[in-house]
Amino acid sequence: MYKNADPRLTYFVLNKVDLAKKQEQVLTRLYQPLIGPIALSLYLTLINDYQHVPIKSQGKKLYQLQEILDIKLEDIFNSLHKLEATGLVKTFHGEMLGVGDYLAFQLVDVPEASEFFKTLLLSSLLLEKVGTTSFQNLNKEFNPTLPGFIKEGKDVSADFFDVFHLSAEKAINPDEQVLNAANLADQKADDLVRAKMSPIDWNFVKDLFSKYGISADEVDSHAGQMAQLMHFYGLSEQDFVNQVATTIVAGQDQLNIKQMQYRLNELATQNQSQKQIAQAFKRGNVKNNSPVDLNQSERELLEMAKSLTPLKFLETLKSQKGGFVTYNERNVIHRLQLNYNLPDAWVNILIKTCLDYDSVLSDNITGRIANSWLQHQVTTPEAALEFTREWQKRKVTKSSKKRVEQGTDWKKKLAQDKINKKASVSSADEQDLSEIMKNLQKFDPKD
């Protein structure tokens, strides 16, 4: 992955790509959710930058791309890497006399939609980006099925040999140049997957799966799909088998690729969350190294939070309130501890804070409060108690500010009008008075 901070760096476009209507739809509907609009604009710009014979004098500078796209140089490289990762661009770096360092971009044709969906790396990423419903709609749109009534019809299409005449020898043994062209086309179709995959020790993979009752033939039948998963999630053979082992059903010689994808995605999300949480705690612990002034009840709560496990802490609080711990509440605590490696005392204060808002612990409220704390660098139980106390003070102060002055003024005005105009009130005045009364009835001093 190449980056350069010099906007004067020369670049060349090596080839021309002509987009057909279907390819444009694949590019905008399937690729754009993956690469984003900036990378899409960069790809189209490079298409228009092609010169028939790239020579030194026709090289352009990166700052020219910046001017066209109106973006930073860093954004150009970020977008370029997305195009490279999805197989739409190949980038070459070199040095040339009279030019210096240069980049050369080889543009890759946008594949057919069927090829896109058959490439598990791209298809899996699209599912993550757009969600299940949109993914299924796109799949139906680009891979339509024939209507039901067609099943009753008979295929009466002409066969190749019904129309064209080709010698039996050529049909059975094509010319060498025909075979070479077919091999080249097949190799080009597989470049996206093969170029990005490091060699995999399949014998080692088979040995690992054999411990779970999976045969070598079953591994061979899913080798291509598993290779893409290993590359997509950056896993070694050992790590891959260890992580997908939970998807194997005991006693069945069968691999479930779909379940593997779900499992690996779940673990990748969990690992990313753990890294982000660890970084947040590292930053917050630097900020929260000064002592916190706690009152007596807070000190007692802190002492209990540090002496009990989260489950025992929850059971104690629920017992004090006359309630009980539900199955879902145990799962919430299990996920907080297992998935995110959060400190017990910090989790306990989180539990207490959540139960102050609701009678039942839920993923929704724990997630919202935990995110709020981490965003404010609240990473110790003492800081959590102080933060919650200050937040409650602000809430009480805000709610105590009532707009009652306007209501009082209306009442004074109404009383004064009655005194001044007691003897004679015109019909217009009566109408005004009626409007005032309506407004006064609508007015609620609690607002």
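Mentor: In this predicted model, Phe117 and Phe135 are both buried.

Trainee: What makes Phe117 count as buried?

Mentor: Buried means under 20% relative accessible area. Phe117 has 13% relative accessibility, so Phe117 counts as buried.

Trainee: Why is the pair of Phe117 and Phe135 called edge-to-face?

Mentor: Ring centres must lie within 6.5 Å, and planes over 60 degrees apart count as edge-to-face. The centres of Phe117 and Phe135 are 5.8 Å apart and their planes stand at 75°, so the pair is edge-to-face. This pair links distant parts of the chain, with Phe117 in helix H4 (residues 113-118) and Phe135 in helix H5 (residues 120-142), 18 residues apart.

Trainee: How many aromatic pairs does the count give?

Mentor: The count comes to seven aromatic pairs. One of them joins Phe116 and Phe117, with 5.6 Å centre to centre and 80° between the planes, and is edge-to-face. Phe116 has a relative accessible area of 0% and is therefore buried. Tyr31, Phe116, Phe117 and Phe135 form one aromatic cluster.

Trainee: How do you know that helix H1 falls short of the span of a straight helix?

Mentor: Helix H1 (residues 21-48) has 28 residues, for which a straight helix would reach 40 Å at 1.5 Å a residue. The end C-alpha atoms of H1 are only 17 Å apart.

Trainee: Where in H1 does the kink lie?

Mentor: The kink, of about 110°, lies at Gly36, shortly before the proline Pro37.

Technical notes. Residues are numbered from 1 along each chain as its sequence is written. This is a predicted model: local features need pLDDT of at least 70, side-chain atom pairs count only at pLDDT 80 or more; totals for chains, interfaces and linings use all residues. Side-chain values use heavy atoms; hydrogens and water are left out. Rings of Phe, Tyr and Trp (its six-membered ring) pair if their centres lie within 6.5 Å; planes under 30 degrees apart count as stacked, over 60 as edge-to-face and the rest as tilted. Buried means under 20% relative accessible area, exposed over 50%, partly exposed in between (1.4 Å probe, protein chains only). Helices (H or I, at least four residues) and strands (E, at least two) are DSSP runs, numbered from the N terminus. The expected span of a helix is 1.5 Å times one less than its number of residues. The bend at a residue is the angle between axes fitted to the seven residues ending there and the seven starting there.
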